[in-house]
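User: Hi! Could you walk me through this structure in plain words?
Analyst: Happy to, ask away.

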Amino acid sequence: MSASPDRTALLAELQAALSADAVLRGAEDLRPYECDGLSVLRELPLCVVLPVDREGVRAVLQICQRHGVAVVPRGAGTGLSGGARPIRDAVLLSLARLHHIIAIDRENRTARVQPGVRNLAISEAARPLGLYYAPDPSSQIACSIGGNVAENSGGVHCLKYGLTVHNLLELDVLTATGETLRIGSQALDSPGYDLLALMTGSEGLLGVVTECTVRLLPVPEHVLVLLAAFSSVEAAAESVSAIIAAGIIPAGLEMMDRLAIEAAEDFVHAGYPRDAAAILLCELDGPAVELEERVREVETLLQRHGAGAIRIAEDAATRLLLWKGRKAAFPAVGRLAPDYYCMDGTIPRQRLAEVLGRITAWSAEYGLRVANVFHAGDGNLHPLILYDANAEGQLHAAEEFGRRILELCVAVGGSVTGEHGVGVEKLDSMCVQFNAAELAQLHRIKHAFDPEGRLNPGKAVPSLHRCAELGAMHVHHGQLPFPELERF
């Protein structure tokens with residue numbers, strides 16, 4: 001990449017290739033793009049470009065290649081790990097104007113969409129046909145499908161229906177040089193390596209998605225939600241493991257602790273029991289006859305593990321209200337403190353009680369409250385650490401607290417991220433997750449797709465030197481592995 005790009009020439013070429021309003025350059029125009037959902041990290045880009053089609057995206061990539069300028073792809077900007085954070089002297093490539101649903105195929109149950117289409121808009125368009133798109137992040141009203149692909153997003157229904165990667169059939173991708181790649185297939189399998197899985201969750205490091213074909217599912221015949229209240233977080237966590245161990249796979253199995261319950265109830269008035277230490281929301285779907293037996297099984301398991309009051313919501317309005325409380329938990333918790341730090345890690349389900357106990361102890365140690373909201377069924381934790389950035393030392397304490405949680409996730413056999421991605425937030429934690437040889441291999445993959453390292457540089461995969469300086473990676477005899485490999 002050029003150390004000091006000719007900004008005037010670059011902007012002139014971009015302006016000539018795109019429409020008059022598609023290149024933003026003034027400080028006030030750039031300010032809305034200075035961060036993504038991780039707002040504590042801010043930077044103004046060199047400029048923002050907003051192409052309206054694939055050829056516009058290709059033109060931007062080719063112009064940036066000629067000038068040796070980095071490109072940061074961006075969807076709706078709802079990501080929580082800094083993956084779409086701008087970089088100084090880099091072009092921020094917004095895909096927001098590629099927002100068309102190209103086609104819905106009822107017979108094959110697929111939808112072809114551009115990357116800027118909102119997650120929820122797919123289901124809204126497919127519902128008259130009796131179909132919907134299953135992955136449903138809490139931000140689905142705003143987040144884009146291209147961003148979901150970049151982060152491999154999940155949502156409350158990922159336990160039964162899978163993450164983005166399990167509901168994706170085909171991608172059209174542009175490389176850093178503007179070359180078109182068609183990855184995946186609408187058939188049951190595609191020839192060669194499974195590059196679709198590789199591209200999903202790659203956080204904009206390997207290519208820019210310009211079109212997606214996703215799988216649609218039939219709207220379930222019958223749906224109900226059980227809300228179970230518990231007097232302890234441990235009892236709720238044990239119930240989660242018991243339900244899965246019994247061979248029951250709910251459509252969704254979510255858990256909230258007391259602080260999250262109170263915040264959501266004040267915000268949404270979903271009817272959550274305020275005196276509960278924790279609640280479980282368990283959604284079951286399928287044929288009505290089958291659900292009768294399944295509900296009895298789940299109720300028995302919940303009662304056996306200490307559930308107090310159990311409510312069953314069968315009508316759509318009540319179900320939606322219960323889920324609204326869960327999906328609004330993040331903004332609801334935002335009313336409890338000036339700032340909060342949203343973590344994202346995964347652990348084996350059977351370690352839930354242990355990990356939550358450790359988080360509670362650390363909360364007391366740091367003097368920072370934590371609201372726990374998470375996808376209990378698949379062990380994806382979302383501790384929300386409350387702090388005040390204006391209070392000296394609290395931001396640092398929250399970041400340190402968060403790193404300890406992620407290290408604990410790795411220690412018990414989990415991962416530093418479930419669905420929010422690594423971005424810039426978890427680069428140091430990646431040094432704990434992977435050893436030097438593994439990180440070097442990740443850099444080799446990046447190099448194969450983007451030899452000049454111009455796509456979203458400095459994100460997702462830490463440099464080997466960074467890990468060595470942190471003391472989090474073993475360096476043998478002062479030599480890094482694969483010394484011939486360029487360090488990004």
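User: Let's start with Gly83. Where is Gly83 found?
Analyst: Gly83 is found in the loop between β3 and β4. Helices here are DSSP runs of H or I with at least four residues, strands are runs of E with at least two, and both are numbered from the N terminus. Before we go on, this is a predicted model, where local features need pLDDT of at least 70, side-chain atom pairs count only at pLDDT 80 or more, and totals for chains, interfaces and linings use all residues. Residues are numbered from 1 along each chain as its sequence is written, and side-chain values use heavy atoms, with hydrogens and water left out.

User: Thanks! Does Gly83 count as buried or exposed?
Analyst: Gly83 counts as buried, because its relative accessibility is 8%. Buried means under 20% relative accessible area, exposed means over 50%, and partly exposed is in between, using a 1.4 Å probe and protein chains only.

User: What is Gly83 in contact with?
Analyst: Leaving out neighbours within four places in sequence, Gly83 is in contact with Asp36, Val72, Gly423, Asn456 and Lys459. Contact means heavy atoms within 4.5 Å. Gly83 and Val424 are 341 residues apart along the chain, yet their C-alpha atoms are separated by 6.3 Å.

User: Asn456 is on that list. Where does Asn456 lie?
Analyst: Asn456 lies in the loop between α16 (436-449) and α17 (464-470). Asn456 counts as buried because its relative accessibility is 1%.

User: And which residues does Asn456 touch?
Analyst: Not counting residues up to four places away in sequence, Asn456 touches Val71, Val72, Pro73, Gly83, Glu203, Gly204 and Leu205. With Glu203 there is also a polar pairing: a polar atom of the Asn456 side chain lies 2.8 Å from the backbone oxygen of Glu203. A polar contact is a pair of N or O atoms within 3.5 Å; within protein, one must be able to donate a hydrogen and the other to accept it, and residues adjacent in sequence count only if both atoms are side-chain atoms.

User: What does the side chain of Asp450 reach?
Analyst: The Asp450 side chain reaches the backbone nitrogen of Leu455 at 2.8 Å. Asp450 lies in the loop between α16 and α17, and Asp450 counts as buried because its relative accessibility is 1%.

User: Changing topic: how much space lies in the second largest pocket?
Analyst: About 830 Å³. On a 1 Å grid over the protein atoms alone, a pocket is an open set of points with protein on both sides within 12 Å along at least five of seven lines, and lining residues have an atom within 4 Å of a point. The volume is the space filled by probe spheres set on the points, which are joined across faces, edges and corners.

User: Which residues are closest to the centre of that second largest pocket?
Analyst: Of the 28 lining residues, the closest to the centre are Arg127, Gln140, His157, Leu320 and Lys327. The elements giving two or more residues to this lining are α4 (119-126), β12 (222-230), β14 (278-286) and α11 (316-327). The largest share, six residues, comes from α11.

User: How do the residues of the lining divide?
Analyst: They divide into 14 nonpolar, five polar and nine charged. Here Ala, Val, Leu, Ile, Met, Phe, Trp, Tyr, Cys and Pro count as nonpolar, Asp, Glu, Lys and Arg as charged, and the others, Gly among them, as polar.

User: Which domains does the lining draw at least three residues from?
Analyst: Domain 2 (101-218) and domain 3 (220-335) each give at least three. The assignment also has domain 1 (7-94), with bounds that come from an automatic or database domain assignment. The C-alpha centres of domain 1 and domain 3 lie 42 Å apart.

User: What does Leu120 touch?
Analyst: Leu120 is found in helix α4 and touches Gln140 and Ile141, not counting residues up to four places away in sequence. Leu120 counts as partly exposed because its relative accessibility is 23%.

User: Last one: what is phi of Asp89 near?
Analyst: Phi of Asp89 is near 65 degrees, a positive value in a residue other than glycine. Most residues other than glycine have a negative phi. Asp89 sits in the loop between β3 (71-74) and β4 (91-94). His269 also has a positive phi, near 60 degrees, and is found in the loop between α9 (258-268) and β14.

Definitions and conventions: On a 1 Å grid over the protein atoms alone, a cavity is a set of points where a 1.4 Å probe fits but cannot get out, and a pocket is an open set with protein on both sides within 12 Å along at least five of seven lines; lining residues have an atom within 4 Å of a point.
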